[in-house]
Amino acid sequence: MMEKMIFGRYVPGESLLHRMDPRSKLIIVFLFVIVVFIANNVPTYAVLAAYTFLMVGLSRIPLRFLYGGLKPVFLLVFFTFLLHIFMTKEGPIILELGWLKIYEEGLRQGIFISLRFLLLILVTSLLTLTTTPIEITDGLETLLNPLKKWKFPVHELALMMSISLRFIPTLMQETDKIMKAQTARGVEYNSGPVKERIKAIIPLLIPLFISSFKRAEELAVAMEARGYKGGEGRTKYRQLAWGMVDTAMLLFLGAVTVLLFVLRG
Amino acid sequence: MSKPLVTIDGVSFSYEGQQTPALKNITFDILEGEWLAIVGHNGSGKSTLAKLLNGLQFPQQGKIAVCGTELTEATVWEVRKNVGMVFQNPDNQFVGTTVRDDVAFGLENHGVPREIMVERVQTSLDKVQMGTFLNQEPHHLSGGQKQRVAIAGVIALQPAIIILDEATSMLDPRGRAEVIATVRELKDREHITVISITHDLEEAAKADRVIVMNKGELYREGTPEQIFEMDEELVQLGLDIPFPVKMSKLLRHKGVELTKTHLTEEELVTELWTSHSKM
Amino acid sequence: MDISLKNVEYRYQADSPFEHLAISDVSIDIPSGTYLAIIGHTGSGKSTVLQHLNALLKPTKGSVLIGSREIKAGRKDKNLKSIRENVGIVFQFPEHQLFEETVEKDIMFGPMNFGVSESDAKARAKEALQLVGLPEDILEKSPFDLSGGQMRRVAIAGVLAMEPDVLVLDEPTAGLDPRGRKEIMDLFYTLHKKRNLSTVLVTHSMEDAAKYADEIVVMHQGKVLTKGTPEQIFSDPVALIELGLDVPEVIGLQLKIEETFHTKFSKISLSERELAEMIAEFLRGGGQR
Ligand SMILES: Nc1ncnc2c1ncn2[C@@H]1O[C@H](COP(=O)(O)OP(=O)(O)OP(=O)(O)O)[C@@H](O)[C@H]1O
Ligand SMILES: Nc1ncnc2c1ncn2[C@@H]1O[C@H](COP(=O)(O)OP(=O)(O)OP(=O)(O)O)[C@@H](O)[C@H]1O
Ligand SMILES: [Mg+2]
Ligand SMILES: [Mg+2]
């Protein structure tokens with residue numbers, strides 16, 4: 001189940017979206033989150049849906065893969081839909097099954113809101129699917145750069161993010177290793193009463209905490225030995241390149257926004 | 001004769017809250033272009049000494065000078081450019097998310113302009129035979145490959161000295177051989193001085209000079225021949241006797257004449273060949 | 001306790017896009033009382049094999065017989081705990097598994113999980129500590145206040161206190177100084193003899209494999225390449241070298257001498273003393289065949 005999840009994962013590729021500057025992608029996603037709320041009738045939602053599916057197409061990520069990977073999230077969307085159907089009691093009743101009454105407004109709200117939710121999920125997933133974590137970090141760092149003026153630790157935050165990203169696989173391996181070592185000493189993680197299972201977490205968490213701490217300490221020493229002393233006077237190896245595509249995509253989203261305002265009811 | 005590149009003069013050091021000092025009154029020189037091996041039992045102070053040379057800790061007593069500059073809080077950043085370090089655990093020194101980012105890290109820290117950086121990242125990775133791994137993530141590399149990336153990160157800064165703190169002890173024999181061969185080649189080609197802290201006595205036997213640490217003190221300093229003549233004394237110190245030395249002794253014992261105690265198998269075989277064949 | 005692996009295959013993350021075949025068609029017999037060494041280079045599947053010996057991993061094909069229990073692919077198994085009580089594993093860098101406040105509690109942790117009473121576990125902790133050569137006053141200390149070598153010993157004591165019949169060791173001496181390494185290896189060997197254990201050792205040290213093992217298994221790319229006694233395995237050193245594995249130094253030297261003198265000694269020698277004897281004799285004969 002977890003292995004098929006693609007939420008937050010990167011899929012290598014060469015598509016138009018893959019080649020875009022992470023900054024433009026971040027800005028577009030940010031704007032899209034706002035723009036979504038302009039839609040309020042069938043034509044505007046249709047435009048939004050068309051825009052989203054165009055982007056999915058441009059990413060060249062197989063639909064089957066997207067569908068399989070987002071399945072758990074679809075459940076959530078469906079749940080949102082049901083919630084609105086049962087909670088909204090406005091407009092004429094369109095269906096009555098015993099105690100259950102479905103109102104027209106409920107159906108409308110249910111469809112619109114779950115659609116909005118779905119589109120947001122698709123667009124943000126596209127960002128992570130086509131952008132490596134380090135690019136996202138880089139993009140964020142550059143975009144937030146103006147905040148440095150107010151002593152906001154932009155560089156440190158970005159570094160922290162990229163180091164955590166780098167250590168996630170290592171920590172997963174470590175967890176697996178310690179779990180096995182304690183299992184070999186008679187701890188049971190997958191069976192037994194709940195109370196026992198909770199108790200079993202301690203022999204896992206303490207070594208994990210200690211080793212992470214040690215890792216962090218060694219990493220800090222290694223960083224210092226390599227001349228790290230904070231963001232000041234540092235040059236950057238990674239360079240972001242804003243291209244024509246990026247400007248074009250932003251303008252395109254602008255045009256879509258204008259269209260939404262026109263069609264809005 | 002080469003001149004001293006590093007001078008260590010009467011250095012003592014204790015970690016905070018520790019009663020016994022980790023280093024006691026250490027004095028010795030490191031010569032330009034040499035391969036210096038530091039051996040000693042676990043906890044004898046080897047890593048502490050390495051940290052002092054890189055300014056990661058400062059001695060409570062005594063002085064250290066690197067390339068003529070005394071190591072102080074004020075000069076530490078300059079000195080660090082000259083002294084590169086590779087640590088034991090390949091995982092805990094890999095900062096970047098990919099190989100190229102990791103090699104660039106040190107260059108970024110020292111404010112190297114981007115154009116130079118791009119070139120140096122590539123050339124240093126080529127030098128350690130990792131030039132085709134630019135975009136690999138660390139968890140897809142073997143231990144030996146990670147260590148070679150770490151070495152690339154160090155030589156990108158063009159240091160005068162590389163310190164290997166048990167850089168091969170977590171590797172399998174093949175990874176170990178790769179890393180040592182890489183460093184050897186760099187030393188010869190780029191005239192880098194190498195300080196290798198190691199438990200591997202075969203490796204120490206191939207050094208130009210060996211220092212034996214014992215309980216925070218410099219126990220002995222000399223050529224590998226001199227050091228490995230200590231024999232049983234080494235075992236007392238928690239160390240061992242290299243295999244060729246053991247064999248030389250055994251052969252003598254069995255009546256085979258040898259001019260000296262050999263430190264490498266090649267030397268031993270060569271002498272046996274020249275003195276005993278076709279008599 | 002006899003253990004035997006029959007045509008074992010293991011895939012990590014089976015049925016996912018990240019599926020990885022780690023070992024296949026591995027069959028190994030470990031009769032009670034054997035000292036078995038597994039060698040092979042990085043990624044050849046040694047650790048994966050080890051984890052089948054106490055059912056930490058379950059084969060994706062084939063079966064594992066542990067004493068009277070059979071672990072078979074595709075079948076649910078209950079109560080694996082009793083297997084783990086009998087088969088103790090010392091992982092690589094075992095000190096990473098320490099977590100209790102005191103050394104004593106940490107050593108008692110394993111036995112008590114298997115239902116040993118507190119007083120018995122205490123007695124076992126004391127005994128295990130003695131076995132690994134640590135002083136008794138360490139019992140009340142926190143394991144995190146010890147040196148690396150001491151922590152390693154405490155972790156090993158924690159496994160020994162479970163009093164397993166089979167001891168499984170995954171590169172137990174990595175990172176120790178030469179004396180520490182020798183002491184620990186000697187300790188395992190003494191225990192092996194004294195308690196009549198089965199011992200399975202994964203190691204990169206050909207010296208240790210040659211010195212301690214009754215039988216050696218060579219793994220290569222997830223498969224068992226050959227198995228046999230140390231004499232058999234190392235009698236064809238060229239094959240091992242071609243695989244990128246080392247041979248014990250003694251044999252390496254013998255090969256070098258044979259090559260230089262264009263000769264062949266009557267046998268492959270695994271002991272330094274014996275090799276010195278052979279060389280001396282050969283040279284007395286004028287260095288010719
Ligand atoms: N961060 C620290 N805080 C307190 N004491 C320390 C610290 N690091 C090391 N020590 C102590 O200083 C002494 C010397 O340790 P050091 O790490 O230099 O030894 P080493 O020779 O490198 O050993 P090894 O072969 O195990 O790496 C030891 O007694 C150790 O316990
Ligand atoms: N948790 C895991 N998930 C996926 N693949 C794994 C996992 N653990 C090991 N592997 C892979 O399985 C193969 C065998 O690994 P294993 O750890 O058994 O090798 P090994 O012989 O013990 O190597 P080493 O000498 O480095 O310890 C390797 O290709 C490895 O990358
Ligand atoms: Mg050290
Ligand atoms: Mg392994």
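For chain A, an unreviewed UniProt entry lists residues 26-53, 65-86, 107-130 and 240-263 as "transmembrane region". Such positions are given in the numbering used here, feature names are shortened, and annotations may be inferred rather than shown by experiment. The model is predicted, local features need pLDDT of at least 70, side-chain atom pairs count only at pLDDT 80 or more, and totals for chains, interfaces and linings use all residues. Residues are numbered from 1 along each chain as its sequence is written, chains are lettered from A and ligands numbered from 1 in the order in which they are written, and side-chain values use heavy atoms, with hydrogens and water left out.

Two of the listed spans were examined. Residues 65-86 of chain A are 100% helix and 0% strand, with end C-alpha atoms 32 Å apart. Residues 107-130 of chain A are also 100% helix and 0% strand, and their end C-alpha atoms lie 34 Å apart. Helices (H or I, at least four residues) and strands (E, at least two) are DSSP runs, numbered from the N terminus.

Chain A is divided into domain 1 (16-131 + 242-263) and domain 2 (154-225). The bounds come from an automatic or database domain assignment. The C-alpha centres of the two domains are 37 Å apart.

Chain A meets chain B through 28 residues of chain A and 35 residues of chain B, contact being heavy atoms within 4.5 Å. About 3000 Å² is buried between them, 53% of it on carbon and sulfur atoms. Buried area is the accessible area (1.4 Å probe) that two parts lose on being put together, summed over both. A:R166, A:R226 and A:Y237 supply 33% of the area that chain A buries here, more than any other three residues. Four salt bridges cross this interface. In one of them, A:R234 pairs with B:E108, with the closest N and O atoms 2.9 Å apart. A salt bridge is a side-chain nitrogen of Lys or Arg within 4 Å of a carboxyl oxygen of Asp or Glu. On the chain A side, α7 (154-184) and α9 (202-225) are the elements that give two or more residues.

Chain B also touches chain C. The contact takes 35 residues from chain B and 33 residues from chain C. Carbon and sulfur atoms give 64% of the buried area of about 3000 Å². B:F243, B:K254 and B:V269 supply 19% of what chain B buries against chain C, more than any other three residues. Three salt bridges are found across this interface. One joins C:K256 and B:E266 (3.8 Å, N to O).
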